[in-house]
Amino acid sequence: MPSLQFKGKQFVQNHHLTLNYHPLIPCSAASVTPEISLDDNLIIHGDNLIALKALLPTYADRIKLIYIDPPYNTGNEGWMYNDNVNSPMMQEWLKANKPIDDQDLTRHDKWLCMMMPRLKLLRELLRDDGVMFISIDDHEVHHLRMLMNEIFGDGNFIAQLVWEKGRKNDAKLFSIAHDYIVVYAKSLATLRSLHTIWREPKPGANEIWTEYCQLRQQYGDDDRAIAQALQRWYRTLDKQHPAKKLSRYKHVDQHGPWRDRDISWPTPGGPCYEVIHPHTKQPCAVPANGWRFATPEAMQRQIDMKLVEFRADHTQPPFRKAHLRPVSAALHEDVASRSDGDRAEEDTGVGMQVMPSVIYSQAQVAVKRLRQMMGGHAFDNPKDHEVLARLIRYCTSDGDIVLDSFAGSGTTAHAVLQVNNEDGKNRKFILIESEDYAEFVTAARVKRVIQGLAATSKQSRMSGLGGSFSFFKLGQPIELNTVLSGEQLPSYEELARYVFYTATGQPFDSAQLGSAPYYIGNTKQHDLYLLYQPDLQWLKTTGLTLEIAQQLSVHSSRHCLVFAPMNFLNESQLHHYKITVCQLPFELYQFRG
């Protein structure tokens, strides 16, 4: 596979591995939560490269969707390359310490040097079925695609979406008013093995569902009355209303509005077997192409779930019910016997559609909305939260985590909260913002979205969407010399988080703490223990003793990995109690498994 070469690549391709771990320090004054927690929605203020490294012990392999909007490197954005990479060339770049403009002949190299370590850490945070969206424009999209191919693999490329934002009538040649959103999977093979199919409601489908829900409340279990009222509602709609095109969804059952649909195999030569009519007790006529479902058992399951409607007698084949929304009990019922295209149709309902590769959204709408929310100009070129909500709605579900490490004005959090409010699910967001406005723009906007706004002369009234977030800042790095000197001693939990992830490569679960003395978690092969207090005198006088080893053996029957400042046991005692000692600070090994 071709690789992208750029100035400084040899110094940054492993830079993410050399970064010191920084603990995350809670900031209650900027948080909106009854209890600050790393399990909450998060807003982190600090360098996003360091913050991503700080998230690894808790969130490695846990993020479902990443959206980032990095600098486009147009030459007039005013961003600066400031990663402290230990090389003379990089130090020379840092010495200049000025915004990168269109006169900088190495600006593309600097942009790639900035992006490479961040993309590598972001990939580590993604789940195997995770997906990454990156906004970019023509200045760097070609470089970004090659860099993503190198880091993620070109076989994991999904799409390059076009975000059309409106026409520029003052352009001299062409109106270039679009951005791109480059989309990659961490593992496209995993998505395929999970039979992943993304769909969104067709225009008008949500309006039909809302009307159906209101009628269900009004008429209760009377499906016939609901269907009649729904048909009356269709007749009141304007011809241009998108729901008018879906008015064939005129029937109603316990699963919602439905329409009839063919029950034959999509191509000639499909399966043929007897389907008995419930009243005449005779075999129904078989469609010309055969039955839609591969086996009599699969057909019977559909009949039992009342998803097959029989005609007056057996002389004609029955038909399928195609519901406006998927019937959850039927999802993936007969995955093995259906093609991907057939699954896409069956599992998502006919009221759903594939998202197109071109998205239309006027840029000024987001600008105006943010100004109304913040009471004036607060941020240049904010993204439209409706577009991000569409992507989040399309690719995520309940409990999924969404990360944005170039958070800006907090649009991604706004989108997550809106989607949660719409469908009642509980997605989480993590925002990282390095600039000084992280608290008074990013967090302030998210607070307004959560709590709502009363109308003023500068702000429009806005209902709150509910939710919470914990605000964190980056603490001092955990370094050998500062721990030895006692200058910077991390808390027990922060050191446990760092030690556990570094030793195992697995996310740390703080709920494990306190379940047994010194216990910090386990892998498939080891139980891990940490003997530590943030007290230099304690560290100088305490270590693994025979008494502590006996305590550990009571709690654990497996091999123990013990992190301690000193060890007072000999080799035979360690062998007897199945203990491996790692000296603090920090004799760490990779005990993956």
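Of the 593 residues of the protein, 51% count as buried, that is, under 20% relative accessible area with a 1.4 Å probe and protein chains only. The model is predicted, with local features requiring pLDDT of at least 70 and side-chain atom pairs pLDDT 80 or more, whereas totals for chains, interfaces and linings use all residues. Residues are numbered from 1 along each chain as its sequence is written, and side-chain values use heavy atoms, without hydrogens and water.

The C-alpha trace spans about 90 × 70 × 55 Å along its principal axes. The protein contains 20 helices and 22 strands, taken as DSSP runs (helices H or I, at least four residues; strands E, at least two) numbered from the N terminus.

Helix 5 (residues 107–125) packs against helix 6 (residues 141–152) at an angle of about 35 degrees, their axes being 10 Å apart. Axes are lines fitted to C-alpha atoms over the stretch in contact, and angles run from 0 to 180 degrees between N-to-C directions.

The structure holds 13 aromatic pairs, in which ring centres of Phe, Tyr or Trp (its six-membered ring) lie within 6.5 Å; planes under 30 degrees apart count as stacked, over 60 as edge-to-face and the rest as tilted. The pair of W209 and Y212 is tilted, because the ring centres are 5.1 Å apart and the planes stand at 50 degrees. These two residues are three apart in helix 8 (residues 205–219), and therefore separated by about one helical turn.

| Residue | Relative accessibility | Class |
|---|---|---|
| W209 | 18% | buried |
| Y212 | 6% | buried |

Elsewhere, ring pairs link F152, F157 and Y184 into a cluster.

Definitions and conventions
Buried means under 20% relative accessible area, exposed over 50%, partly exposed in between (1.4 Å probe, protein chains only).
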